[in-house]
Amino acid sequence: MKASKNIGLVLSGGGFKGVAHLGAIKAIEEAGIHPNFVSGTSAGAIVGGLYAGGYAIEEIKGFFSKTPLFKLNRFTRKKAGFLDSEKFFDDLIRYFPQNSFENLEKKLFVTATNLVEGTVMVFSTGELIRPILASAAFPGMFSPIKIEDQLYSDGGILDNFPIEPLKEPCDMIIGIDVTPIRKPKISDFKHSYNVMQRAYYLRAMPNSETKFKHCNLIIQPKELINHGIFSSGNLDKIFDVGYKEAKQQLAVYFENQKQKQ
């Protein structure tokens, strides 16, 4: 494949299903494609940040498997959420000791939702960790993050597929969406997080699919409908689902490119 000058990678939100991003990225790199621009939201912001920071796929996967969510000392006190987003700062500072967008190896864009203004904010310079925490602050589950007198939450609320920052600088854009949805049964709504997850999907999915046409290659593993946003028990399987789907879509892409020649 003739390398494009600037290759962009869009990473959707999706909780623990974000590990599928890693499987897909592994397949993309094995195919000789090495993105140098990354735009991510929510789980995609975490994966994108670590990937842009130069960490190996297995190291990033380790972050998801080793970072505990529901430890007692991470629950909030008088904050809008069950878990205190601020208490995950120390988990990320180990990976980003300079805490700066400018110290990353790849250009990174992180999106979050300004809760007061009702707008999407794109972060790409300055402090790194707090924008990532804000982007990943799933509403109702994680408390919002205050940045420069503004309050931010999950970027996926308004835009779960942040392709816009990549349109101008990139010659090729690869999109990975890990939030395919299926029609649930009434019996699926057993817990509050089941309702939150469904609401997230219903808002995010139509918004995302309208943007797929702007990608040169889109990877959306349908098998992920069988996995939940907050389920951390099958990370190896989720990784493999992302890897296999990316391999399939890459094969189709290269075959189409060959026919055009």
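Strands here are DSSP runs of E, at least two residues long, numbered from the N terminus. I keep that in mind for β2 below. The model I am reading is predicted.

**Entry: overall**

I looked up the secondary structure and found 8 helices and 8 strands in the protein. I then checked burial: 54% of the 261 residues are buried. The accessible surface comes to about 12400 Å². Carbon and sulfur atoms hold 51% of that surface. I also looked at contacts between residues at least 6 apart in sequence, and 74% of them join residues at least 24 apart.

**Entry: nonpolar cores**

I went to the largest nonpolar core, which has 61 residues. Phe 64, Ile 174 and Ile 176 touch the most other members there. I listed the partners of Phe 64, leaving out residues up to four places away in sequence. They are Gly 15, Phe 16, Val 19, Ala 43, Ile 46, Val 47 and Leu 235. Another core, of 10 residues, lies apart from the largest one. Its members include Phe 161, Ile 163, Leu 166 and Phe 212.

**Entry: Thr 41**

I placed Thr 41 in strand β2, which covers residues 37-41. Is Thr 41 buried or exposed? Its relative accessible area is 0%, so Thr 41 counts as buried, the cut-off being under 20%. I checked its side chain next and found a polar contact of 3.4 Å with the side chain of Ser 135. Ser 135 is also on the list of residues that Thr 41 touches, not counting residues up to four places away in sequence.

Methods: Residues are numbered from 1 along each chain as its sequence is written. This is a predicted model: local features need pLDDT of at least 70, side-chain atom pairs count only at pLDDT 80 or more; totals for chains, interfaces and linings use all residues. Side-chain values use heavy atoms; hydrogens and water are left out. Helices (H or I, at least four residues) and strands (E, at least two) are DSSP runs, numbered from the N terminus. Buried means under 20% relative accessible area, exposed over 50%, partly exposed in between (1.4 Å probe, protein chains only). Contact means heavy atoms within 4.5 Å. Accessible areas come from the Shrake-Rupley method with a 1.4 Å probe; for residues, only the protein chains shown count as cover. A nonpolar core is a set of buried Ala, Val, Leu, Ile, Met, Phe, Trp, Tyr and Cys residues joined through side-chain atoms within 4.5 Å. A polar contact is a pair of N or O atoms within 3.5 Å; within protein, one must be able to donate a hydrogen and the other to accept it, and residues adjacent in sequence count only if both atoms are side-chain atoms.
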